Amino acid sequence: MKRMRVSNGSRSQHDGESFDLQGVRTVPQGDPQGMAQKLPPRKHMFDLPEAPIFYPSAEEFQDPLAYIQKIRPQAENAGLCKIVPPAGWNPPFALDTKRFRFRTRIQQLNSLEGKTRTNLNYLDQLYKFHAQQGQPLTKVPQLDHRPIDLFGLRHEVAVRGGYQKVNGEKRWAEIGRVMKYDRKTCTSMSNSLKSTYQKIILPFELYQAKHGSGSLSAAAEDGNSRRSKRQRSAARSDSPATPALPPAAPAQETVASPSAVSAAEDSKRTASLETIPDACEVCGSGENDSELLICDGCDRGFHMYCLSPALSAIPTNDWYCDACVLGAGADFGFEDGSEYTLASFKRKSDEFKRRMFGEYYEKQAAGYLAGPQMEGRVPEDVVESEFWRLVASPYEDVEVEYGADLHSAQHGSGFPTAERAPLDPYAKHPWNLNELPFQRESLFNYIRQDISGMMTPWIYVGMCFSTFCWHNEDHYTYSVNYQHWGDTKTWYGVPGRHADMFEDAMRAAVPELFADQPDLLFQLVTMLSPDVLLRRGVEVVTCDQRAGEFVVTFPQSYHAGFNQGFNFNEAVNFATPDWMPFDISSVKRYRQYARSPVFSHDELLMTMCEADAKHLLLPWFQRAAAEMLVRERSDRARVRAMWPASGALQRRMREAAWDDVALGESDIPEDMRQQCVVCKAFSFLSAVVCDCSPTYVSCLLHAEKACKCNGHHKTLLLRYTDSELNSMFDLCRDQYQPEPEPEAELADCARSDSKGTASSNHRSSHDSGHNNSSNN
């Protein structure tokens with residue numbers, strides 16, 4: 001495969017460089033709605049239907065949340081929709097482009113798609129295994145003028161009973177037909193598949209049987225995991241070529257000349273004193289460091305004579321320990337990219353798109369998107385088709401960068417703000433994303449914390465093919481995304497009513513990834529073709545967002561997409577009363593996977609009640625409050641029965657008002673003091689604290705799992721008395737709708753309990769705060 005690296009650049013050398021908006025597509029002048037309606041519909045891949053598009057009147061546009069509620073019956077059914085502002089909408093781009101600098105994250109396209117990543121992980125395991133055995137692989141064997149799909153070959157042999165059965169029944173030709181090889185053009189098909197399996201796959205299968213197929217490396221298990229090294233760049237290749245297994249390494253003999261061994265020793269042992277381990281991972285001894293072999297994956301050390309089989313000389317190729325071989329790909333994530341200004345990132349993006357679609361820049365596409373800013377543009381359907389081709393190709397590595405999740409509080413907003421431009425009419429416009437989350441009907445007005453990315457907008461600077469993977473929003477909230485300028489952003493959406501079907505389809509499509517990471521859908525690192533979802537009955541819609549247009553996603557809806565070129569978007573979340581039942585579900589899901597919520601659901605309800613008692617007269621609020629109060633009363637009864645006040649002295653649990661007990665270290669933020677050490681749920685109404693660990697609390701569901709101390713060491717902290725909660729419940733009783741939890745959910749919660757107990761005294765920093773890079 002022909003490879004061409006797209007330059008990453010280093011730290012931006014263009015500080016203070018101005019950015020000219022005349023070089024990008026901006027908000028249409030005059031009548032945006034008329035221009036949008038005149039655009040001819042385009043054919044989307046997978047024959048996906050268009051998401052609803054709405055054109056509010058000037059009067060309707062004055063109240064965003066009221067208008068979204070008006071269109072909700074139709075739009076929510078699709079999961080997302082597009083809103084085109086009326087004539088006159090033309091906010092200035094208020095960001096200081098000379099001072100604005102941002103850091104990107106690196107995305108390798110074929111590592112994003114779940115099925116392709118599973119394939120790549122397996123290839124990575126094969127490469128590391130054969131390198132460990134002293135027979136490094138550099139090429140994938142070809143058949144019928146294309147590389148043999150090693151992962152597919154392994155799968156087809158496995159489903160037919162394994163190597164011995166396939167070989168005995170001579171089913172290699174059958175496997176070749178299933179893998180779409182043409183026997184007429186490759187007469188040695190059966191022998192080639194059999195030979196490839198014997199030489200490359202079978203030795204690794206035997207190795208896995210001996211060592212186990214553990215999914216996580218030891219490095220990942222102790223928190224020292226290293227991200228995948230598969231981030232490489234490559235330009236599109238028009239001619240087939242034999243690909244290299246990732247990462248490629250030169251083929252060399254295991255035992256080399258003294259000079260080669262000396263060079264290997266220099267690189268493996270003495271490149272840096274900081275990389276030399278203290279002891280052998282097998283015997284634990286730090287002696288004989290001249291015999292210590294360092295793993296190229298995790299930098300751990302192993303005496304060559306402690307390995308099985310033992311090595312007599314330093315390998316001249318890369319060498320990997322068993323944990324790194326078996327755990328290849330389990331620590332996937334995005335690496336940090338370079339720092340850019342808008343001007344320097346535009347140059348990078350334009351250069352990349354020109355290389356990928358050179359034919360559209362070399363000739364004039366007469367009549368296509370005519371206009372002074374549209375010359376040389378690539379048709380949107382062409383970009384979309386190429387995106388999905390690259391995402392699905394395990395042997396063609398294309399790397400892009402995305403300036404995602406940039407805090408507007410730090411970098412500035414694209415909208416004018418009241419602080420920086422108090423006289424600008426758009427500074428207080430209700431569709432200004434700095435203002436929208438706090439419109440009168442938004443429940444975010446009652447959240448005491450300032451949550452960046454939810455209540456304060458985040459910025460997204462895209463280039464061609466930069467991707468936002470499948471996810472739904474934190475707490476299943478609404479989101480609104482606005483494109484200030486630039487090339488099209490293509491979206492895919494799944495309605496919230498199909499969220500469970502979507503998750504089932506993802507698990508069925510890539511079970512290996514979910515085995516490694518049960519909370520994979522929280523990671524925002526996985527794409528799956530809409531075609532796969534459609535075949536499993538999941539509804540999927542699409543839309544193209546252009547400059548000056550809003551995209552709104554609805555509660556619990558999954559969405560994903562990619563950028564067709566250089567663009568600048570801004571996004572934020574909001575919540576209205578109809579969202580409240582979704583939040584109840586989201587909090588249960590956070591607890592199930594021991595993930596940190598972003599805010600406390602119970603605190604939100606109590607804050608609303610204290611701010612205005614009239615909320616208790618609203619049916620939607622009464623239903624949510626009744627659910628909370630019934631749950632809390634049940635949990636208190638359970639804990640009190642476990643450590644009764646009338647029981648033996650060693651089992652008696654104290655009770656105290658929350659503010660009367662000091663919870664250890666004062667520098668721990670108040671919201672973290674409320675988080676259960678087992679399930680990470682916020683314990684706002686009550687919690688249990690133990691003398692053995694006064695800094696941390698447990699929720700009432702996990703009071704006995706946080707530690708094994710007797711009841712007389714524990715204190716039940718109450719923020720509200722029983723009588724206060726009972727009085728509140730009397731006002732909500734008529735709206736209470738009991739919903740028993742399904743057995744499966746209880747089982748999942750139990751599994752979460754067992755995981756959480758093992759790490760109950762450890763807080764993971766990446767689980768605190770905002771979970772999702774949410775708004776694309």
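Reader: Is Asp47 buried or exposed?

Author: Buried means under 20% relative accessible area, exposed over 50%, and partly exposed in between (1.4 Å probe, protein chains only). Asp47 has a relative accessible area of 58%, so Asp47 is exposed. Asp47 sits in the loop between α1 (32-38) and β1 (53-54); helices (H or I, at least four residues) and strands (E, at least two) are DSSP runs, numbered from the N terminus. This is a predicted model: local features need pLDDT of at least 70, side-chain atom pairs count only at pLDDT 80 or more, and totals for chains, interfaces and linings use all residues. Residues are numbered from 1 along each chain as its sequence is written, and side-chain values use heavy atoms, with hydrogens and water left out.

Reader: Which residues of helix α5 are buried?

Author: An α-helix has 3.6 residues a turn, so residues three or four places apart point the same way. In α5 (residues 150-159) the buried residues are Leu150, Phe151, Gly152, Leu153, Glu156 and Val157. They pack against α4 (114-132), α6 (163-168), α7 (172-178), α8 (189-211) and α17 (511-516). After α5 comes Gly161, with a positive phi near 100°.

Reader: How many residues does the largest nonpolar core have?

Author: In soluble globular proteins, nonpolar side chains tend to be buried together. A nonpolar core is a set of buried Ala, Val, Leu, Ile, Met, Phe, Trp, Tyr and Cys residues joined through side-chain atoms within 4.5 Å. The largest has 58 residues, and Ile83, Trp89, Trp431, Val480 and Phe550 have the most contacts (heavy atoms within 4.5 Å) inside it. Helix α21 (residues 619-642) gives the largest share of this core, seven residues.
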